[in-house]
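User: I would like to learn how to read a few features of a structure. Please take me through them one at a time.

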Amino acid sequence: MQYTHQSVKDYVAAKKRGDRKTTDRIIREVTARFDTRTTDGSEAAELLEATMTVRFGEDL
């Protein structure tokens, strides 16, 4: 899948390399943007897709 948001690209890269600290931080940041309506929701939707399709540590 092609991701359009840099935060989601960073999340996918971190998840593939098994970096839980970074994935948790990105989730918190995206959630905060969504909660304060500083994003239109597409970033959160894309992140949700990535959380369900990318396996943790799959590049290890």
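User: Does Arg37 count as buried or exposed, and at what relative accessibility?

Analyst: Arg37 has 59% relative accessibility and therefore counts as exposed (buried is under 20% relative accessible area, exposed over 50%, partly exposed in between, with a 1.4 Å probe and protein chains only). This is a predicted model: local features need pLDDT of at least 70, side-chain atom pairs count only at pLDDT 80 or more, and totals for chains, interfaces and linings use all residues. Residues are numbered from 1 along each chain as its sequence is written, and side-chain values use heavy atoms, leaving out hydrogens and water.

User: What is the phi of Arg37?

Analyst: Most residues other than glycine have a negative phi. Arg37, although not a glycine, has a positive phi of about 60°. Arg37 sits in the loop between helix 2 and helix 3 (helices are DSSP runs of H or I, at least four residues, numbered from the N terminus).

User: Which residues does Thr39 touch?

Analyst: Leaving aside residues up to four places away in sequence, Thr39 touches Arg33 and Phe34 (contact means heavy atoms within 4.5 Å). Thr39 is also in the loop between helix 2 and helix 3 (42-53), and counts as buried because its relative accessibility is 15%.

User: How do helix 1 and helix 2 pack?

Analyst: Two packed helices are described by the angle between their axes and the distance between the axes. Here helix 1 (residues 6-16) and helix 2 (residues 20-35) pack at about 155°, with axes 9 Å apart (axes are lines fitted to C-alpha atoms over the stretch in contact, and angles run from 0 to 180 degrees between N-to-C directions). Helix 1 and helix 2 are therefore roughly antiparallel (over 145 degrees; under 35 is roughly parallel, 65 to 115 roughly perpendicular and the rest oblique).

Key: Helices (H or I, at least four residues) and strands (E, at least two) are DSSP runs, numbered from the N terminus.
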